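Me: I would like to go through the strand arrangement of this predicted model. Please reason through each point before giving the value or name.

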Amino acid sequence: PQSISIAEKYSLIFDKDFHLQKVIMYSKDISGDPYGTTGIELYTKLKQGLIEKYGNPTGGLESTGTKLYTESDEFYECLGYTGCGIWASIFEASDGTGIILEIEGLSRGKGFIVLTYEGPLWEKAVNAQESSQDSIDKNAL
């Protein structure tokens, strides 16, 4: 695997039966960007690369300012506040891999980009884990 130049860190999620099923890339923090200009440029560049590789997004939303943080220089505050805004695109590869690209807000003028790949067996792994936990809980009663 190759690393993306903006990456700060990666999280890899394994399942004992289904192996590697999720990879999450967190970008370096974007700061000094109250209007989200730099964040949107990075997001757009990555989104274009994903479109070239996987086709158009199957879902997503790019909107901010729906409540509380409504000023144009409150881009990241809005993204960090539930229900105020979201900046995300969802893709699906031909093998069933789900890909989510999003901008996350931290504070005024500060945020980061998250790129998530969910393997084609991700949902199956999650369901198996939940089923196993339900069984453990029942046995504990």
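**Pairing across the sheet**

Me: Which residue in strand 6 does M25 stand opposite?
Reply: Strand 2, residues 19–27, and strand 6, residues 110–118, pair in the antiparallel sense over five bridges. Within strand 6, the residue that stands opposite M25 is L115.

Me: Which strands does helix 3 touch where it packs on the sheet?
Reply: Helix 3 covers residues 122–140, and its direction makes about 110 degrees with that of strand 2. In packing on the sheet, helix 3 touches strand 1, strand 2 and strand 6.

Me: Why is one side of strand 1 and of strand 3 left without a neighbour in the sheet?
Reply: The sheet is open, and its six strands follow the order 1-2-6-5-4-3 with antiparallel pairing. Strand 1 (7–15) and strand 3 (59–63) therefore stand at the edges, and the reason asked for is that each has a single partner strand.

Me: How many residues lie between strand 4 and strand 5 in their hairpin?
Reply: Strand 4, residues 86–92, and strand 5, residues 98–107, pair in the antiparallel sense over five bridges, and I90 stands opposite I100 in strand 5. The turn of their hairpin includes G96, which has a positive phi of about 95 degrees. The number of residues between the two strands is five.

Me: What is the phi of G109 in the turn between strand 5 and strand 6?
Reply: Strand 5 and strand 6 run antiparallel and are joined by nine bridges, with G98 standing opposite E118 in strand 6. Their hairpin has two residues between the strands, and G109 in the turn has a positive phi of about 70 degrees.

Terms used:
Residues numbered from 1 in each chain as written. Predicted model: local features only at pLDDT ≥ 70, side-chain atom pairs only at ≥ 80, totals over all residues. Heavy atoms only, no water. Pairing = 2+ DSSP bridges. Helix = DSSP H or I, 4+ residues; strand = E, 2+ residues; numbered from the N terminus. Contact = heavy atoms within 4.5 Å. Axes fitted to C-alpha atoms, helices over the stretch in contact; angles between N-to-C directions.
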